[in-house]
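Here are a few notes to read alongside the structure. Have the viewer open and follow the points in order.

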Amino acid sequence: MLTSNSSSLIVGLTPERFILAGIPGMEAERIWISIPFCLMYIVIFLGNGTILHVIHTNSTLHQPMYLFLAMLALAELGISASTLPTVLGIFLFDATEIDFNVCLLQMFSIHSFSVMESGILLAMAMDRFVAIYSPLRYTVILTLPRIISIGVTTGLKSVVLMAPLTVLLQRLPFCGHNTLSHSYCLHPNLVHLPCADTSINNIYGLLIVISTFGLDFLLIVISYVLILHTVLNIASGEGQWKALSTCGSHICAVLVYYVPMIGLSMVHRFGRHLPPLLQPTMANIYLFFPPVVNPIVYSIKTQEIRRGIVHVFSRKRVRG
């Protein structure tokens, strides 16, 4: 048990602020670096916002596939909104300090929306499996109440799983170590700063990764194995291609989400001797690449979304 003296010592070693890093070695070019980040945020909010608007205003898109797509867009907007204040603050105003509690809140938000996004990608894989395996029972299985319950359960799960991480970090002493490697607060970065045993934090963090990202990815792979098996039993080649084409956008979304995430995890665990620029670069790819790419992919490859976007802009042009 902690004595009162050791408890006060730990409180005293809790930093008031963390120091955020931009891109190592490019501090002098921060204004120029802010331009691509601003453009990315514009694409993210405009692209995902447009998809949400199209699905909301077009009643023909109130189907399971598009409702899950709307959830995916919301999760990606949540991740981007969580990083925006500190990223633009660093590159536009050289604001590199963040309050300790605000940092924990940002960490909680980023990871919660990430867990949520992983769960939604799994739900979208299950949606494609049901649509191909049992198309006649598709609307019977994936009813609106069931879709809503999947979305709510996914959101609650992410919050419940991530909340203990903030508590576990608050109890640790930092001994003056308060410099982060990113432009935002991530748990794999924060957990390396305390000057005490962080085995509980590491074990719990690993359990979250295995029970969410790992399990979700495994079930997505199983879903696509079953989808492929079902498609191969379709007699006509045209029917096979038509069935697989409905999965193209989702396969792209899975790849652009999990490949950078796996790369970032490897860098965090085994990249201490790699160039310092690699870690923030991988983190930026992981957080910014999916919300930039997914709206573009779904707008190009999904005919109904493309028609909805054209309809929205043509209607605004007529009104103008």
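**Notes on the salt bridges and the annotated segments**

1. Let's begin with R128, which is buried at a relative accessible area of 7% in this predicted model. Its salt-bridge partner is D127, with N and O 2.9 Å apart. D127 is buried too, at 2%.

2. How many salt bridges does the structure hold? There are three.

3. E16 is exposed, with 61% relative accessible area, while R17 comes out as partly exposed at 42%.

4. R17 also meets E97 in a salt bridge, at 3.6 Å from N to O. This one ties together distant parts of the chain: R17 lies in strand β1 (residues 17-19) and E97 in strand β2 (residues 97-99), 80 residues apart. E97 counts as exposed, at 51% relative accessibility.

5. Now for the record. An unreviewed UniProt entry places the feature "transmembrane region" at residues 31-55, 67-93, 105-126, 147-169, 203-231, 243-263 and 283-300.

6. Residues 31-55 are 100% helix and 0% strand, with the end C-alpha atoms 36 Å apart. Residues 147-169 are likewise 100% helix and 0% strand, and there the end C-alpha atoms are 34 Å apart.

Terms used: Residues are numbered from 1 along each chain as its sequence is written. This is a predicted model: local features need pLDDT of at least 70, side-chain atom pairs count only at pLDDT 80 or more; totals for chains, interfaces and linings use all residues. Side-chain values use heavy atoms; hydrogens and water are left out. UniProt positions are given in the numbering used here, feature names are shortened, and annotations may be inferred rather than shown by experiment. Helices (H or I, at least four residues) and strands (E, at least two) are DSSP runs, numbered from the N terminus. A salt bridge is a side-chain nitrogen of Lys or Arg within 4 Å of a carboxyl oxygen of Asp or Glu. Buried means under 20% relative accessible area, exposed over 50%, partly exposed in between (1.4 Å probe, protein chains only).
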